[in-house]
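Trainee: I am new to this structure. Can we go through it feature by feature?

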Amino acid sequence: MGIISGGPLDGDILANTNFGQLWLIDPDDNSQVLIASGGTRGDYTAPDGKGGLFLTQSTEILRLSLDSGTISGSVPEPSTWAMMVLGFMGLGFLAYRRKDKLGYSVV
């Protein structure tokens with residue numbers, strides 16, 4: 001996903017789906033507009049450094065740019081957030097166990 005900054009689409013969100021679709025989402029009124037379809041599985045997005053957005057498909061990387069405004073940042077998929085949280089919890093648990101075995105705190 002990417003967030004548009006500036007221009008008439010300021011604040012709108014671009015979402016690349018796993019079903020070969022690209023959606024434009026307006027968070028103010030929760031409207032969703034399909035702006036591209038017919039692609040393959042789209043997993044990742046990333047800023048291109050020039051105000052555009054890279055979109056992955058199964059076999060290619062596409063670049064989306066705007067006439068007015070820029071696309072800033074990308075947001076990880078919910079599954080990425082879940083894996084990060086589980087990873088940090090696991091590290092915390094290991095540090096806790098190590099503290100118990102060694103008898104002192106690990107900083």
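Trainee: How do the residues of the lining of the second largest pocket divide into nonpolar, polar and charged?

Mentor: Start with the general idea. Rolling a probe the size of a water molecule over the atoms shows where empty space is left. Now the case here, in a predicted model. Six lining residues of the second largest pocket are nonpolar, six are polar and two are charged.

Trainee: Which residues lie nearest the centre of the second largest pocket?

Mentor: Leu22, Ala36, Leu55, Gln57 and Leu62 do, out of 14 lining residues. Two elements, β4 (31-36) and β7 (61-64), each give two or more residues to this lining. The largest share, three residues, comes from β7. The space in the pocket is about 180 Å³.

Trainee: Which residues form the largest nonpolar core?

Mentor: General idea again. In soluble globular proteins, nonpolar side chains tend to be buried together. Here the largest nonpolar core has seven residues: Ile4, Leu14, Leu22, Leu24, Leu53, Leu55 and Ile71.

Trainee: What pattern does the chain follow along the sequence?

Mentor: Read it as β-β-β-β-β-β-β-β-α. Of the 107 residues, 20% count as buried.

Key: Residues numbered from 1 in each chain as written. Predicted model: local features only at pLDDT ≥ 70, side-chain atom pairs only at ≥ 80, totals over all residues. Heavy atoms only, no water. 1 Å grid on protein atoms, 1.4 Å probe; cavity = no way out; pocket = protein on both sides within 12 Å on 5 of 7 lines; lining within 4 Å. Points joined across faces, edges and corners; volume = space filled by probe spheres on them. Helix = DSSP H or I, 4+ residues; strand = E, 2+ residues; numbered from the N terminus. Nonpolar A, V, L, I, M, F, W, Y, C, P; charged D, E, K, R; others polar. Core = buried A, V, L, I, M, F, W, Y, C linked by side-chain atoms within 4.5 Å. Buried < 20%, exposed > 50% of the residue type's maximum accessible area, 1.4 Å probe, protein only.
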